[in-house]
Amino acid sequence: MAVNPDLAGRTYPPTPPFRVEREKVREFADAVFSTSALSRDVVAARAAGYADLVAPPTFPIVIQQRTWDQLIGDPEAGIELSRVLHGDQRFHVTRPIVAGDELVATLTVASVRMMAGNAMVTAETVITDGDGAHVVTATSVLMVGSGE
Amino acid sequence: MSDLQLGQIVAERDIHLTREALERYAQASGDLNPIHLRDDIAQQMGLPGVIAHGMLTMGLAVQPVVDWLGGDPRTILDYQVRFTRMVPVDATDGVDVHVEAKVGAVDDPLGTRIDLTVSVGGATVLGKAQVRVAP
């Protein structure tokens, strides 16, 4: 299976809304060794001006992964999960995610570069809130081996 | 922010990663790829054994910066890394990850740039690990 070079420019349908639960924020904060009270204590988060618990900076990956599933699950994409290596990751942030957010993610394949049989796929996932406002753009470079 | 000096270390932290930490991250993130959980599968993929999720390394590496910002990530505008070296996690001993955050650029129109050096046993595991913080 080879990566389809015509993937570049393809946009997948927006994911169903993902509701960010407090418990999920706390779990993720523990898992990334956060020490911030704003991810655990609603009173502290509100005192800092947030509506609810504040997710750590890399939390958007939880939502972004749903869009990777769309890409890797697309038979026309030609991306086999076992040959994917995560090369680069970037989060371009408008605001931190907070508990209670209802987030929708839309993935666009920004580019596909073929290099010696391998492919470098840049996938850009735009995450917006219930009002349609931008929250964060998560961009990944996935290195896909040819397996040959 | 205004009195920061180029090269100044603003935060530093050592984090001990264990297999339990990988399981906890797998559950919390939903990334259940078995190369982070099972030696036999990692070895089938040509790895020495279980490796840490790259996103776990990225996730923990920014925490000293969040702490430096008083626990509030509001001013973090951008965070990027390149995954340059895998982080094997020994079943018994785990692994120690060292994070150093220093000022990489000041007076930038995009804000202060904090450069992260993330290393295991003296070898860096992330490249171009940069955090932009609003002025």
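**View 1. Chain A as a whole, in a predicted model.** Two residues are in contact if their C-beta atoms, placed from the backbone, lie within 7 Å. By that criterion, among the contacts in chain A between residues at least 6 apart in sequence, 68% join residues at least 24 apart. The model shown here and in the views that follow is predicted. Chain A contains 3 helices and 5 strands, and their order along the sequence is β-α-α-α-β-β-β-β. The C-alpha trace of chain A spans about 55 × 30 × 20 Å along its principal axes, and 40% of the 148 residues in this chain are buried.

**View 2. The side of chain A that touches chain B.** Here 28 residues of chain A are in contact with 29 residues of chain B. Helix 1 (22-31), helix 3 (60-73) and strand 2 (84-93) of chain A are the elements that give two or more residues to this side of chain A, and the largest share, 8 residues, comes from strand 2 of chain A. Sorted by type, the residues on this side of chain A comprise 15 nonpolar, 9 polar and 4 charged.

**View 3. Strands paired between the two chains.** Strand 2 of chain A pairs with strand 2 (residues 76-83) of chain B in the antiparallel sense, over 5 bridges. Within this view, His92(A) can be found opposite Asp78(B), which belongs to strand 2 of chain B.

View 4. Among the buried residues of the helix are Gly54(B), Met55(B), Leu56(B) and Ala61(B).

**View 5. Strand 4 of chain B with strands 5 and 6.** Strand 4 of chain B also pairs in the antiparallel sense with strand 6 (residues 126-133) of chain B, over 4 bridges, and Ile114(B) stands opposite Val131(B) in strand 6. Strand 5 (residues 123-124) of chain B runs antiparallel to strand 4 and is joined to it by 2 bridges, where Ser119(B) has Thr124(B) as its bridge partner. In the hairpin of strands 4 and 5 of chain B, which has 2 residues between the strands, Gly121(B) takes a positive phi near 55°.

How values were computed
Residues are numbered from 1 along each chain as its sequence is written. Chains are lettered from A and ligands numbered from 1 in the order in which they are written. This is a predicted model: local features need pLDDT of at least 70, side-chain atom pairs count only at pLDDT 80 or more; totals for chains, interfaces and linings use all residues. A residue is buried if 20 or more other C-beta atoms lie within 10 Å of its own, exposed if 12 or fewer, and partly exposed in between; C-beta atoms are placed from the backbone. Ala, Val, Leu, Ile, Met, Phe, Trp, Tyr, Cys and Pro count as nonpolar, Asp, Glu, Lys and Arg as charged, and the others, Gly among them, as polar. Two strands pair if DSSP finds at least two bridges between them.
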